[in-house]
Amino acid sequence: MPYPLSQLNSMSQAEFVEAIGPAFEATPAIAAQVWHQRPFASVADLHQRMVAMVRSLSPEDKLALIKAHPDLGARVTMADASVAEQSKAGLTNLSAAEYERFQTLNQRYKDTFGFPFILAVAGHTKVSILENFAQRVNNPVEVEMATALGQIEAIARLRLDTWIEDDGKTND
């Protein structure tokens, strides 16, 4: 990695899904479906089409996508991309007190909304993540669902930008 966009555009569906399936956490079906729309003119074009696919999902499937994300700061098995993202934000080496604080906030958030707190942690610190928790936990559920989906879209874009290199070729 990163894959040149022209290579991505010429991959079989299985190769394509293996390469970018994790862009949307534990939901490789999004990549499998968008593969049929190749070639992509840019990473932005690919992302836009994946986002359109997500936005066309049923409410139940959107909720499943949100629930596929791990709790922030949790000590659980998660996708490699999530581990890397949480590590950069300092969430993989929390003190006992910090870990307990994150677990308490994660549980309060899930009890309130029925799904995990989602935040694109790139550029965030433990402190700014905790501030986001505090600000968002009092939102109406509809606002939080929309916010979570927006954060998932941002996470996917950051992942695609890391994994794919625009090379100006679309293989049309």
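Helices here are DSSP runs of H or I with at least four residues, numbered from the N terminus. The model is predicted: local features need pLDDT of at least 70, side-chain atom pairs count only at pLDDT 80 or more, and totals for chains, interfaces and linings use all residues. Residues are numbered from 1 along each chain as its sequence is written, and side-chain values use heavy atoms, with hydrogens and water left out.

## Helix H7

H7 covers residues 96-113. Its 18 residues should span 26 Å at 1.5 Å a residue, and its end C-alpha atoms are 26 Å apart, which agrees. The expected span is 1.5 Å times one less than the number of residues.

Phe102, Gln103, Leu105, Asn106, Tyr109 and Phe113 are buried in H7 (under 20% relative accessible area, 1.4 Å probe, protein chains only). Down the axis, the buried residues fall within an arc of 165°, so they line one face of the helix. The arc is taken from the directions from the helix axis to the C-beta atoms. The face turned away carries Ala96, Ala97 and Asp111, which are exposed (over 50%). The cover over the buried residues includes helix H8 (126-136) and helix H9 (141-163).

## The largest nonpolar core

This core has 48 residues. A nonpolar core is a set of buried Ala, Val, Leu, Ile, Met, Phe, Trp, Tyr and Cys residues joined through side-chain atoms within 4.5 Å. Phe16, Ile20, Phe24, Leu46, Met50 and Ile129 touch the most other members. H9 gives the largest share, 7 residues.

Technical notes
Helix = DSSP H or I, 4+ residues; strand = E, 2+ residues; numbered from the N terminus. Contact = heavy atoms within 4.5 Å.
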